Amino acid sequence: MPEQLSEEASQRKILHVDADSFYASVEMRENPELRGRPVAVGGKAQRRGVIATCNYEARKFGVHSAMASSRATALCPQLIIVPPRFELYRSVSRQFHEVFRSYTKIIEPLSLDEAFLDVSESSCCSGSATLMAQEILQRISDELNLTVSAGVAPNKFLAKVASDWNKPNGIFVIPPENVAAFVLDLPVKKINGVGKVTAARLKKMGVETCADLQAVPLNDLLQRFGKYGKRLSEVARGVDNRPVRSTRTRKSISVEHTFAEDIAALSAMLEALDGIVEELDRRYEKISDSYFPIKRVVKIKYADFTQTTLEEGIGSSGERWCDPPQFRRLLQAAWPRGAKPVRLLGAGLRLQPAKHTDSPQILLV
Ligand code: DCP
Ligand code: MG
């Protein structure tokens, strides 16, 4: 009996809230003329832009995030592409968080439009996580004129899967007693971290659902996937003990630039990189009290979309972090790997939290 009690006590109530077609919905709210028409937010097709997201009308044509704008326009010629306004999306995100904070202080943002909430200890709505999710959807609709979807479950993995289940403007609840049955049919592709490559490897092993995955002995998974094998085995059973962390530590900071036209000459790349490093310097400056850099990174995406990165530890403390010649050296060493024109260059710093731990950590909102 006492065992049962303690199990119940450890039962968590986690919400995952994710805005519907976020950037596009904000743009439609700001400009009602866009309503009912296919809308995407992104860069222009003529400037080789990429779609950040699109509304559900545009999705019917096959348009989706990360697609080249030129392809999106080919699929949907009447598509309206508007440029992104990140400052606006950031302020909306802060408003979401104000709503969330009336339910719990334990909020972990994953991006501007997505967050986990641990409401286990919340006394709102008589402690009902489902009612809290309903209220959150209602308030965001009433107060912000936007829709979000929510998942309610005993852990982060399932809450995230659930928020996608009844999208848009929907809620899906996985109560603890339904977890075992729910995961059986769940495709492994839904597991965070299982991308195309892992999914293909699992498929070769005859594994497509979590039920299939449960049948694979843990040792096999450990052998094939290393540490990740343990996580796979756990989530296949609906187990995920990761806490909701209200502060997240940055691991890196970077700036990338896609060129309007591919750059063929290394000298031009080096020149372009200087500007990128300058911008990196400006951004790093804002967080330099909380973090110090341990590595410099250069990223190259070639014209054929293959990419490579090269990183190098930062030596003595006297060095300038965002030193253009140091980044140039990395680019000169990395570029010959592909030796092709490049469409994108990036520069970044891998970070470690500063030693003085009493300084406030950066909240990624
Ligand atoms: N985003 C982006 N590039 C991507 C994916 C997303 O810039 N490859 C941006 C635009 C999205 C926002 O992040 O509006 C949130 O991402 P989501 O994956 O949650 O996508 P949406 O909110 O747009 O749509 P959904 O209704 O599927 O959540
Ligand atoms: Mg979203």
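**The pocket, then the sheet**

So, the second largest pocket: 24 residues line it, and the ones nearest its centre are Asp18, Ser65, Lys160, Asp164 and Lys167. Keep in mind that this is a predicted model. The volume of that pocket comes out at about 770 Å³.

What is the lining made of, by class? We've got nine charged residues, eight nonpolar and seven polar.

And which elements supply the lining? At least two residues each come from strand S1 (14-19), helix H2 (22-30), helix H3 (56-59) and helix H7 (156-163). H7 gives the largest share, with four residues.

Now, where does the pocket sit relative to the domains? Domain 1 (1-20 + 85-246) and domain 2 (22-84) both contribute lining residues, so the second largest pocket lies between them.

Okay, on to the sheet. Strands of a sheet pair through backbone hydrogen bonds, either parallel or antiparallel. Here we have four strands in an open sheet, running S9-S12-S10-S11, with antiparallel pairing. From one strand to the next, the twist averages 15 degrees.

Let's zoom in on one pair. Strand S10 (residues 291-302) and S11 are joined in the antiparallel sense by seven bridges. If you want a spot to look at, Arg296 has Glu312 in S11 as its bridge partner.

Terms used
Residues are numbered from 1 along each chain as its sequence is written. Chains are lettered from A and ligands numbered from 1 in the order in which they are written. This is a predicted model: local features need pLDDT of at least 70, side-chain atom pairs count only at pLDDT 80 or more; totals for chains, interfaces and linings use all residues. Side-chain values use heavy atoms; hydrogens and water are left out. On a 1 Å grid over the protein atoms alone, a cavity is a set of points where a 1.4 Å probe fits but cannot get out, and a pocket is an open set with protein on both sides within 12 Å along at least five of seven lines; lining residues have an atom within 4 Å of a point. Grid points are joined across faces, edges and corners, and a volume is the space filled by probe spheres set on the points. Ala, Val, Leu, Ile, Met, Phe, Trp, Tyr, Cys and Pro count as nonpolar, Asp, Glu, Lys and Arg as charged, and the others, Gly among them, as polar. Domain bounds come from an automatic or database domain assignment. Two strands pair if DSSP finds at least two bridges between them. Axes are lines fitted to C-alpha atoms, for helices over the stretch in contact, and angles run from 0 to 180 degrees between N-to-C directions.
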